[in-house]
Amino acid sequence: MVDVAADLSSVCFESGLTDDEKNLLYLRARSAGLTFCGCAHAAFMYELCVINDCNPAEDREDRDLCVGILGLGHLGKQLLLFLLEKTSIKPSHVKISTRRPESAGTHQCKTRGVDCFFDSRRLAAWADVLFLCCLPSHLPKVCADLHSHLSKHCLVYTFSSAVPATRLSALLGHDYILKPQYEFLACDTADMWLSCTQLTTAFTDPLLIEASCPLTMKGGISLGLNWVCAVLYSLLNTCTSASLGSSEALSLINDMFKKKWANTVQFNAQSFISSSYAASLPADEPFPWISLTDVQTKETPLLRFLSNSKSVQQCISAAYKSQLETPAELYRNTPM
């Protein structure tokens with residue numbers, strides 16, 4: 001469709017701004033960049049944590065993680081689109097809780113096979129991964145509703161920068177929480193991130209994919225190595241919840257990088273836990289359950305391992321780019 005207003009400067013967003021207001025235009029680019037990076041990183045986290053070989057082949061339909069999205073505002077809609085376009089998830093494995101389940105936006109979701117309703121507790125009880133896409137001001141009420149309704153193995157992923165993971169853990173009574181902590185660097189990002197306003201085209205932009213890569217981020221936004229560690233510990237917890245022995249879990253994780261993304265990584269028990277604990281851990285015994293709240297606030301064996309292993313960092317970066325560059329249809333049609 002042709003944009004008939006493309007060359008009409010009088011109707012452009014910037015035309016009505018004062019000089020002082022124009023100095024704040026970088027915030028618009030920053031917001032667009034945060035939305036793109038947040039959705040892309042959440043999609044990568046989901047795809048990384050889908051370990052298809054945890055369950056027998058006859059249970060294949062039950063292998064996929066069940067994903068709940070709480071809130072269908074701007075971020076919730078963008079996240080849903082990213083998940084459907086850039087991961088192997090099936091629409092039947094996504095449910096949304098929103099205060100306006102009768103709105104036009106939810107109707108579009110339903111036409112794609114995504115169930116929408118207004119019941120946060122029902123969503124929390126069903127989901128393996130719960131994305132909190134509500135406003136920070138709504139979090140106290142949301143957390144009060146969800147408290148004691150989350151299973152231990154439900155991963156809560158929050159985008160709110162205003163509430164620390166430790167505070168959210170206390171509000172929810174739940175320690176399986178993942179929260180990306182973005183920081184901003186001084187540089188001009190307007191030309192790059194403003195193209196994210198059209199997310200359907202931003203999906204395939206190699207410059208944006210490169211700029212959003214968690215370990216080598218460009219464009220004025222950065223994400224600490226602790227987030228990557230937390231995602232990998234989530235992957236380990238997925239194996240633990242499936243009662244996989246430590247040896248089988250490590251083999252599965254290493255093989256997954258090779259099968260999905262043709263990258264070879266070599267994690268061992270000492271990569272995730274202390275040497276003394278690893279030495280006493282039987283091969284057929286699962287890894288201990290890891291608190292993600294601790295992972296994101298303390299130094300861990302995995303953080304030290306990744307900091308000293310550029311080759312593994314490069315493999316993770318390559319896996320991220322490969323996923324975003326691969327259409328979801330190819331993921332769904334590729335045997336695992």
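This is a predicted model: local features need pLDDT of at least 70, side-chain atom pairs count only at pLDDT 80 or more; totals for chains, interfaces and linings use all residues.
Not counting residues up to four places away in sequence, Met 45 touches Val 129, Phe 131, Leu 155, Tyr 157, Leu 178, Trp 227 and Val 231, where contact means heavy atoms within 4.5 Å.

## Largest pocket

The largest pocket holds about 1,200 Å³ of space. A pocket is an open set of points on a 1 Å grid over the protein atoms alone, where a 1.4 Å probe fits, with protein on both sides within 12 Å along at least five of seven lines; lining residues have an atom within 4 Å of a point. The volume is the space filled by probe spheres set on the points.

The lining comprises 45 residues, of which Gly 73, Leu 75, Cys 133, Cys 134 and Leu 135 lie nearest the centre of the pocket. H2 gives the most to this lining, with seven residues; H2, helix H3 (74-86), helix H6 (139-146) and strand S7 (182-184) each supply at least two. By type, the lining divides into 20 nonpolar, 18 polar and seven charged residues, with Gly counted as polar and Pro as nonpolar.

## Strand S7 and Glu 183

Glu 183 lies in strand S7. Leaving aside neighbours within four places in sequence, Glu 183 is in contact with Gly 220, Ile 221 and Ser 222. Glu 183 and Ser 222 are 39 residues apart in sequence, and their C-alpha atoms are 5.2 Å apart in space.

## Overall organisation

The protein has 18 helices and eight strands, taken as DSSP runs numbered from the N terminus (helices H or I, at least four residues; strands E, at least two). Of its 336 residues, 51% are buried, that is, under 20% relative accessible area with a 1.4 Å probe and protein chains only. Among contacts between residues at least 6 apart in sequence, 71% join residues at least 24 apart.

## Basis of the values

Residues are numbered from 1 along each chain as its sequence is written, and side-chain values use heavy atoms, leaving out hydrogens and water. Local features need pLDDT of at least 70 and side-chain atom pairs count only at pLDDT 80 or more, whereas totals for chains, interfaces and linings use all residues.

Note on methods:
Buried means under 20% relative accessible area, exposed over 50%, partly exposed in between (1.4 Å probe, protein chains only).
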